[in-house]
Amino acid sequence: MHKFVEHLHTSRIKNISCVCGHCGNKVSIDVTQQYNELRPTQSMYGSFDKEYEVYNVGQCPECGKPVIYDVENEMVIPYSCEFGEITHLPDDINNLYKECKLSYSAGAYTCCVTIARTILMHIAVDNGADENLSFVAYVDYLLDNFLPREKSKEWVDKIRKLGNDSVHKLVIASKENAHQSLTFLVQILKIVYELPNSI
């Protein structure tokens with residue numbers, strides 16, 4: 001049976017600070033809880049049952065687009081991400097970086113760390129390494145040719161280890177793991193692509 005909205009009730013939940021998933025700006029949003037009271041439907045026993053649809057919604061003050069607030073996970077939809085854009089990335093690496101950020105924002109942390117690991121191989125091949133080498137060979141290529149070895153080795157090793165654990169072992173990555181991988185990956189991408197092309 002088709003259901004119709006009988007009454008709409010709203011109540012303010014709270015003000016949240018987040019990154020808008022539409023425009024990418026850091027904003028403060030007033031989130032309200034909306035109850036759509038549906039027209040009562042008759043049950044098989046003859047009584048009328050009330051039904052409700054509940055939404056937690058707000059509006060970005062910068063772009064004006066709506067966001068839904070997931071109270072249980074304290075996340076906004078469309079998913080937002082604290083990690084910003086990086087300029088001068090090749091298309092394939094940029095697309096993978098977006099996937100990595102989206103995985104993190106959606107709580108898919110194991111996907112995030114494995115994509116971060118994959119991006120290291122793409123960076124190496126994009127900068128002259130041969131294809132079909134071992135992962136260790138790609139890491140060494142980056143450290144020998146593009147990254148300051150002493151300062152970057154810890155970043156690369158962390159991305160490698162977290163990715164390897166999820167790829168080769170039965171390890172589920174945590175939010176902290178994914179945040180570390182993305183943090184170090186961002187630094188590597190900036191060193192290899194953004195900074196040289198910004199000079």
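Buried sides and nonpolar cores

Me: This is a predicted model, so let's start with helix 3 (residues 135–145): which residues are buried there?
Reply: In helix 3, that's Phe135, Tyr138, Val139, Leu142 and Leu143.

Me: What puts them on the same side of helix 3?
Reply: They cover an arc of only 130 degrees around the axis, so they sit on the same side of helix 3. As a rule, an α-helix has 3.6 residues a turn, so residues three or four places apart point the same way.

Me: And which residues are exposed on the other side of helix 3?
Reply: Val136 and Asp144 are the exposed ones over there.

Me: Why is Arg117 called buried?
Reply: Buried means under 20% relative accessible area. Arg117 comes in at 12%, so it counts as buried. You'll find Arg117 in helix 2 (residues 109–126).

Me: What is Arg117 in contact with, leaving aside neighbours within four places in sequence?
Reply: Its contacts include Phe135, one of the buried residues of helix 3. Ile159, Arg160, Gly163, Asn164, Val167 and His168 are in contact with Arg117 too.

Me: Which residues touch the most other members of the largest nonpolar core?
Reply: Out of 38 residues, those are Tyr97, Ile119, Ile123, Leu185 and Leu189. Another core, of 10 residues, lies apart from it, with Cys20, Cys60, Val67 and Val76 among them.

Me: What does Ile119 touch, not counting residues up to four places away in sequence?
Reply: Ile119 touches Ile93, Leu96, Tyr97, Cys100, Leu185 and Leu189.

How values were computed. Residues are numbered from 1 along each chain as its sequence is written. This is a predicted model: local features need pLDDT of at least 70, side-chain atom pairs count only at pLDDT 80 or more; totals for chains, interfaces and linings use all residues. Side-chain values use heavy atoms; hydrogens and water are left out. Helices (H or I, at least four residues) and strands (E, at least two) are DSSP runs, numbered from the N terminus. Buried means under 20% relative accessible area, exposed over 50%, partly exposed in between (1.4 Å probe, protein chains only). Contact means heavy atoms within 4.5 Å. The arc is that of the directions from the helix axis to the C-beta atoms. A nonpolar core is a set of buried Ala, Val, Leu, Ile, Met, Phe, Trp, Tyr and Cys residues joined through side-chain atoms within 4.5 Å.
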